Amino acid sequence: MFLRVDKLQIELPAPKRQDPNAGAALQELLGGKYGEMSTLGNYLFQSFNFRSKSKLKPFYHLVAAITAEELGHVELVSNGVAMLNNGPDVPGQDAKSGGDVSGGPFEKMQDIRSAASFFSHGGGAVPVNSNSMSWNVDMVTTTGNVVFDLLHNFHLECGARLHKLRVYESLSSSDATGRAVCGYLLVRGSVHAHAYALALKKLTGVAIEQMLPTPNIPLANIPECQPYLAEGSHRRLYTFSTGDYEAMRGVWEGELALPGDPPGDLVVVEGMPDGGKIHDLAGQPSAFSPDYAPEEMMEIAQRLTRAAHQGAGSLS
Ligand code: MN
Ligand code: MN
């Protein structure tokens with residue numbers, strides 16, 4: 001089962017300008033071949049399909065716990081895409097109706113790379129790549145063979161690192177939002193590549209972690225990775241659970257950070273990262289989101305929220 005927490009794994013800085021083409025670039029990290037939908041889909045179904053779970057706990061627990069983190073990565077990239085497509089919020093922009101639509105208020109949206117991201121999705125994210133091609137189930141590998149699946153996962157995390165580095169290089173140095181997404185995910189992806197390498201080493205004796213990092217550029221070269229390296233995120237795996245998935249300690253603990261990263265012991269943390277606030281993306285009535293004239297809808301929601309709080313109060 002899954003528990004949902006209304007937070008992001010990190011708080012993203014607000015965008016300084018609207019940049020739907022940067023949003024499209026970030027889509028590669030969501031619905032690209034090595035994007036978060038692919039890592040999620042692989043680990044999700046591998047963990048469901050895992051045979052001899054009770055006898056292979058360290059490996060089953062590793063794949064199962066990382067699954068939950070990947071779902072949070074899908075959420076993080078999706079928020080980044082929507083923030084870049086939206087641009088800075090205009091205070092009070094969703095407090096009044098959409099005004100005159102006859103002047104072509106969104107004429108420029110014809111020319112953005114992923115025009116469907118506005119026309120169909122109102123600037124929101126969907127599981128497509130940077131050219132709006134659908135993510136699909138062909139990107140999921142679940143063979144039932146533990147070594148082969150772990151090897152696929154190692155390849156996937158190295159591919160994800162390649163994606164993230166290239167997307168990062170394509171973003172303007174003033175794009176704090178997009179670059180924060182890349183910086184955090186580069187650190188976490190490196191952890192996952194390292195974890196799958198260690199799992200393969202324990203199973204086969206092959207020191208596959210010596211291939212890391214692939215591509216061979218240290219995280220120290222990426223400024224947006226530094227806060228996460230400083231706090232030790234590169235040494236941590238989370239169980240994303242209270243009490244379950246603890247046996248993955250057998251794979252991760254007792255090993256050291258990769259050479260080139262800040263040194264220290266690898267640790268498993270019960271639970272999840274503290275996380276950060278989800279950016280409260282303001283509505284855009286002229287694009288009919290959440291509607292052209294949202295005042296009544298908001299009044300109804302306010303009334304229902306008040307009633308819900310009163311109801312909760314009467315229970316305590
Ligand atoms: Mn990920
Ligand atoms: Mn990953």
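Modeller: A crossing of helices is left-handed if the near helix is turned anticlockwise from the far one by less than a right angle, and right-handed if clockwise. This is a predicted model, in which local features need pLDDT of at least 70 and side-chain atom pairs count only at pLDDT 80 or more, while totals for chains, interfaces and linings use all residues. Residues are numbered from 1 along each chain as its sequence is written, and chains are lettered from A and ligands numbered from 1 in the order in which they are written.

Biologist: In what pattern do helices and strands follow one another along the sequence?

Modeller: The protein has nine helices and two strands, taken as DSSP runs numbered from the N terminus (helices H or I, at least four residues; strands E, at least two). Read along the sequence, the pattern is α-α-α-α-α-α-α-β-α-β-α.

Biologist: How are H2 and H5 oriented to each other?

Modeller: Helix H2 (residues 36-49) packs on helix H5 (residues 146-170) at about 165°, with the axes 10 Å apart; axes are lines fitted to C-alpha atoms, for helices over the stretch in contact, and angles run from 0 to 180 degrees between N-to-C directions. H2 passes H5 in a left-handed crossing, and Ser38, Thr39, Asn42, Tyr43 and Gln46 in H2 meet Asp149, His152, Asn153, Leu156 and Ala160 in H5 (contact: C-beta atoms, placed from the backbone, within 7 Å). Angles under 35 degrees count as roughly parallel, over 145 as roughly antiparallel, 65 to 115 as roughly perpendicular and the rest as oblique. H2 and H5 are therefore roughly antiparallel.

Biologist: Which handedness has the crossing of H5 and H6?

Modeller: The axes of H5 and helix H6 (residues 176-204) come within 9 Å and cross at roughly 160°. That makes the two helices roughly antiparallel, and their crossing is left-handed.

Biologist: Where is proline 215 placed?

Modeller: The peptide bond from threonine 214 to proline 215 is cis, with omega near -10°, and another cis bond joins leucine 212 and proline 213, with omega about -5°. Proline 213 is found in the loop between H6 and helix H7 (226-230). The place of proline 215 is in the loop between H6 and H7.

Biologist: What phi does serine 132 have?

Modeller: Serine 132 is in the loop between helix H4 (115-119) and H5. Most residues other than glycine have a negative phi. Although it is not a glycine, serine 132 has a positive phi of about 65°.

Biologist: What radius of gyration does the protein have?

Modeller: The C-alpha trace spans about 70 × 50 × 35 Å along its principal axes. The radius of gyration is taken over C-alpha atoms, and the globule rule is 2.2 Å times the number of residues to the power 0.38. With 316 residues, a compact globule would have a value near 20 Å, which agrees with the protein's 21 Å.

Technical notes
Contact = placed C-beta atoms within 7 Å.
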